[in-house]
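These are my notebook entries on one protein chain. I set down what I looked up, with the cut-offs behind each term.

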Amino acid sequence: MDHQAQLVVVKVGSNVLTKDDGSPDRERMASLVKQLVFLKEQGLQVVLVSSGAVAFARKHITFEEKTESVVRKQILASVGQIDIIHAYKDLFQKEGHQIAQIVVTPQDFRSRRHYLNIKDCLLGLLNHGIIPVINENDAVAVTELMFTDNDELASMTAAMIDADTLILLTNVDGIYKGHPDDPASQLIERVSRKTSGVSRYIASSKSAFGRGGMQSKMKMAKKAAFLGIHVYIANGNREDVLHDFYHNKLKATYFEPDSSKPNLRKWVAHSDNYTKGEVHINEGAKEALYSDEVTSLLPVGIASVTGDFSKGDIIRIRDAHGEKIGLGKAEYNSRKATERVGLNNQKPLIHYNYLYLFKYHNV
């Protein structure tokens, strides 16, 4: 490996664990479990983020036509979650390893305290040699209460526990400069901070059995890489995909990491759904934030403040045109922020260490 991985989050997509007819691919599941155990037995700590619960229930439940689609999904997810975790438990036990189930919703990450509680739980499990298996609680998470997909959950988990590596397993080898089925298409093997234009190669379609598409994977990969995590988008249907990762032979799209960021900044980066207020900034402030210089957000660059937020809350940053450009942790409350709008020689509203700009994951 180019780097010595120590703590790895592996996300397995629905299209890896699901056959063409929508039923679970138990052979693939068993193969991946053996490979995860291989990584663990080489001394790596491993966290599994797994999709696929719905597939485990799809063949066993018949719905009346009038059943709403959201209710159908909730039923399938809640029934399937039992089956998939039992399948994982049996497979890992055969290899002599214990697992734990963690089922979360975005609301579990809404406060720093909740976030740190989950982090402590995951690290506690890992320190006791137990492999956490994480999934979104689809039975209760609907519409605006949902993660974008499990790619977002995996990226958030990797950032939370300060993982050094994130592997997103899907049904292709990575991002191609054309259709993956076209033999002439070239795999983009490396994406750096300075790489641009990758998004033009990606169709916006979602996967057959999951919510996520390649656009989502790339966005989350760029975000995680900015936060200092080595990221791979690879083909979970390839034999020995995780062995190849360990032996530095993995065919994949690799995202080079930036310098590691403080854990609190990692939390800010994944907090877009939990903001308590907003600030609109002028063009001068935007230019300063977008420059290569380390810059905090000062009141002199703020045009207006909306919402009722306290010190420590996450607030959204918009430019003069109303476009969302970033997130940050407020250093003081909305009343003080409003009083200081446009003033020089004031304490930053958002310190650089607690600032995340969306430009970091745009490609």
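I began with the terms: helices (H or I, at least four residues) and strands (E, at least two) are DSSP runs, numbered from the N terminus. I noted that this is a predicted model, in which local features need pLDDT of at least 70 and side-chain atom pairs count only at pLDDT 80 or more, while totals for chains, interfaces and linings use all residues. Residues are numbered from 1 along each chain as its sequence is written, and side-chain values use heavy atoms, with hydrogens and water left out.

**Entry 1: Lys73.** I located Lys73 in helix 4, which covers residues 69-94. I then looked up its exposure, for which buried means under 20% relative accessible area, exposed over 50%, and partly exposed in between (1.4 Å probe, protein chains only). Lys73 counts as partly exposed because its relative accessibility is 27%. From Lys73 to Leu122 I found 49 residues in sequence and 27 Å in space, C-alpha to C-alpha.

**Entry 2: the whole chain.** I found 11 helices and 13 strands in the chain. The radius of gyration is 21 Å, close to the 21 Å that the globule rule gives for 363 residues, so the chain is as compact as a globular protein of that length. Here the radius is taken over C-alpha atoms, and the rule is 2.2 Å times the number of residues to the power 0.38. The C-alpha trace spans about 65 × 45 × 40 Å along its principal axes. Of the 363 residues, 52% count as buried.

I next looked up contacts, meaning heavy atoms within 4.5 Å. Among the contacts with a separation of 6 or more, 74% are between residues 24 or more positions apart.

**Entry 3: helix 10.** Which residues of helix 10 (residues 283-290) are buried? I found Ala285, Lys286 and Leu289 to be buried there. Seen down the helix axis, the buried residues of helix 10 fall within an arc of 100 degrees, so they line one face of the helix. The arc is that of the directions from the helix axis to the C-beta atoms. The cover over these buried residues includes strand 9 (277-281), strand 12 (324-329) and strand 13 (355-357).

**Entry 4: Lys329.** I placed Lys329 in strand 12. Is Lys329 buried or exposed? Lys329 counts as buried because its relative accessibility is 13%. Leaving aside residues up to four places away in sequence, I listed what Lys329 touches, including Leu264, Val268, Asp313, Ile350 and Tyr354.
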